[in-house]
Amino acid sequence: MTERMNLGDLAGEAYKAMAGLDRFVSASTLPKPLLELVRLRASQINGCVYCVDMHSSDAKQAGESDARLHAVAVWREAPFFTDQERAALAFTEAATRLSTDDITDEIWQRAAEHFTEHELAALVVALATINAWNRMGVATRMTPESYKA
């Protein structure tokens with residue numbers, strides 16, 4: 001597949017706005033490895049090869065092991081994740097696969113047990129942001145950075 005367009009060049013102001021959301025999330029107290037796991041999981045669900053490539057590399061740089069990265073897609077069955085990470089991954093899947101009742105009160109409560117209100121707000125923003133990035137990456141067929149190298 002070939003890249004359809006470069007949104008960074010054609011919609012630079014939109015990219016800057018999205019980067020502002022990423023800066024907000026990065027400044028939160030959410031652990032960086034956890035952020036990369038949820039970004040990776042949302043990107044897997046959305047089929048965004050660019051973001052899967054980027055966030056698996058970013059997670060590795062943040063100290064994630066290969067075993068945990070390989071297991072993100074099957075996190076429910078894998079023994080590698082903490083209760084907090086499991087709550088975040090369940091929330092990620094619900095927020096990414098939106099329908100009228102995917103983010104149940106049970107999923108919300110489970111996340112609320114593991115995150116402060118400010119962290120949960122940052123998680124909501126992080127998931128909204130990565131889902132928007134995924135949609136841009138998929139629509140334009142962004143080429144992964146590791147492929148360009």
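These legends describe close-up views of a predicted model. Local features need pLDDT of at least 70, side-chain atom pairs count only at pLDDT 80 or more, and totals for chains, interfaces and linings use all residues. Residues are numbered from 1 along each chain as its sequence is written, and side-chain values use heavy atoms, with hydrogens and water left out.

**View 1. Helices α7 and α8 cross at roughly 125°.** Helix α7 covers residues 105–114 and helix α8 covers residues 117–140. Helices (H or I, at least four residues) are DSSP runs, numbered from the N terminus. The two axes come within 8 Å. Axes are lines fitted to C-alpha atoms, for helices over the stretch in contact, and angles run from 0 to 180 degrees between N-to-C directions. α7 and α8 are therefore oblique to each other. Angles under 35 degrees count as roughly parallel, over 145 as roughly antiparallel, 65 to 115 as roughly perpendicular, and the rest as oblique. The crossing of α7 past α8 is right-handed; that is, the near helix is turned clockwise from the far one by less than a right angle.

**View 2. Residues of α7 meet residues of α8.** From α7 come Trp108, Ala111, Ala112 and His114. From α8 come Glu119, Leu120 and Val124. Contact means heavy atoms within 4.5 Å. The residues of this contact divide into 5 nonpolar, 1 polar and 1 charged. Ala, Val, Leu, Ile, Met, Phe, Trp, Tyr, Cys and Pro count as nonpolar, Asp, Glu, Lys and Arg as charged, and the others, Gly among them, as polar.

View 3. A salt bridge is a side-chain nitrogen of Lys or Arg within 4 Å of a carboxyl oxygen of Asp or Glu. Lys60 is partly exposed, at 40% relative accessible area. Asp66 is partly exposed too, at 41%. Buried means under 20% relative accessible area, exposed over 50%, and partly exposed in between (1.4 Å probe, protein chains only). Leaving aside neighbours within four places in sequence, Lys60 contacts Asp66 and Leu69. The C-alpha atoms of Lys60 and Pro33 are separated by 8.5 Å, with the two residues 27 apart along the chain.

**View 4. Asp53 is a buried residue of helix α4.** Its relative accessibility is 18%. Leaving aside neighbours within four places in sequence, Asp53 touches Pro144, Glu145 and Ser146.

**View 5. Glu36 and Lys32 form a salt bridge in helix α3.** The closest N and O atoms are 2.9 Å apart. Helix α3 spans residues 32–46. Glu36 and Lys32 are 4 residues apart, so about one helical turn separates them. Glu36 is buried, at 1% relative accessibility. Lys32 is partly exposed, at 46%.

**View 6. Arg68 and Glu85 meet in a salt bridge.** The N to O distance is 2.6 Å. The pair links distant parts of the chain, 17 residues apart. Arg68 sits in helix α5 (residues 66–71), and Glu85 in helix α6 (residues 83–96). Arg68 is buried, at 14% relative accessibility. Glu85 is buried, at 11% relative accessible area.

**View 7. Arg41, Arg76, Glu93 and Arg97 join into one network.** Salt bridges that share partners make the links. A search of the whole structure finds 9 salt bridges.

Definitions and conventions
Helix = DSSP H or I, 4+ residues; strand = E, 2+ residues; numbered from the N terminus.
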